[in-house]
Amino acid sequence: MMNTVQLERMHSGKGFIAALEQSGGESGFYCLAGEILLSSGTGEAAVQAFRDAVKADPESDRASYGLAQALSAAGDNQEAMALLEKLS
């Protein structure tokens with residue numbers, strides 16, 4: 001799991017960590033980190049962030065959908081499709 005120090009190293013913008021901490025609890029924290037990582041083209045790191053989000057809240061559609069997107073971006077379309085099928 002990523003911690004605050006790792007996220008600060010990942011992105012040094014002011015207010016970034018505060019925004020993550022206010023993003024809806026631990027699962028929301030990891031989802032937001034995953035979304036940022038995914039949008040910056042770091043698919044493997046995004047996969048880990050979304051896996052942490054799913055672990056924190058297995059019922060979170062946001063976390064599962066984000067994980068599917070990150071997996072697809074990282075080239076694992078089979079696992080991504082399996083996740084998307086569970087969501088529908």
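The largest share of a nonpolar surface patch, three residues, is contributed by helix H6, which spans residues 77-87. Helices (H or I, at least four residues) and strands (E, at least two) are taken as DSSP runs and numbered from the N terminus. The structure is a predicted model, in which local features need pLDDT of at least 70 and side-chain atom pairs count only at pLDDT 80 or more, whereas totals for chains, interfaces and linings use all residues. Residues are numbered from 1 along each chain as its sequence is written, and side-chain values use heavy atoms, with hydrogens and water left out.

The secondary structure of the protein consists of six helices and zero strands. Read from the N terminus, the order of elements is α-α-α-α-α-α. Of the 88 residues in the protein, 35% are buried. A residue is termed buried under 20% relative accessible area, exposed over 50%, and partly exposed in between (1.4 Å probe, protein chains only).

The nonpolar patch is formed by Tyr65, Met81, Leu84 and Leu87, which together present about 350 Å² of accessible area at the surface. Patches are made of residues with over 30% relative accessible area and no salt bridge; like charges are joined within 9 Å, and nonpolar side chains (Val, Leu, Ile, Met, Phe, Trp, Tyr) within 5 Å. Accessible areas come from the Shrake-Rupley method with a 1.4 Å probe, and for residues only the protein chains shown count as cover. The C-alpha atom of Met81 is separated by 9.4 Å from that of Gln69, and the two residues are 12 residues apart along the chain.

Helix H4 (residues 43-56) packs against helix H5 (residues 61-73) at an angle of about 160°, and their axes are 8 Å apart. H4 is therefore roughly antiparallel to H5, and the crossing of H4 and H5 is left-handed. For H5 and H6, the packing angle is about 155° and the axes are 8 Å apart. H5 and H6 are thus roughly antiparallel to each other, and H5 passes H6 in a left-handed crossing. Axes are lines fitted to C-alpha atoms, for helices over the stretch in contact, and angles run from 0 to 180 degrees between N-to-C directions. Angles under 35 degrees count as roughly parallel, over 145 as roughly antiparallel, 65 to 115 as roughly perpendicular and the rest as oblique. A crossing is left-handed if the near helix is turned anticlockwise from the far one by less than a right angle, and right-handed if clockwise.

Within helix H4 lies Ala53, a buried residue with a relative accessible area of 0%. Ala53 and Leu67 are 14 residues apart in sequence, and their C-alpha atoms are 8.7 Å apart in space.

Two salt bridges are present in the structure, a salt bridge being a side-chain nitrogen of Lys or Arg within 4 Å of a carboxyl oxygen of Asp or Glu. One of them joins Arg62 to Glu35, with the closest N and O atoms 3.0 Å apart. Because Arg62 lies in helix H5 and Glu35 in helix H3 (residues 25-39), this pair ties together parts that are 27 residues apart in sequence. Both partners are partly exposed, Arg62 with a relative accessible area of 37% and Glu35 with one of 33%. Helix H3 also contains Ser27, which is buried at a relative accessible area of 10%. Ser27 and Arg62 are 35 residues apart in sequence, while the distance between their C-alpha atoms is 9.1 Å.

In another salt bridge, the side chains of Arg51 and Glu79 meet at 3.2 Å, N to O. Arg51 is located in helix H4 and Glu79 in helix H6, so this pair ties together parts that are 28 residues apart in sequence. Arg51 is partly exposed, with a relative accessible area of 33%, and Glu79 likewise counts as partly exposed, at 28% relative accessibility.
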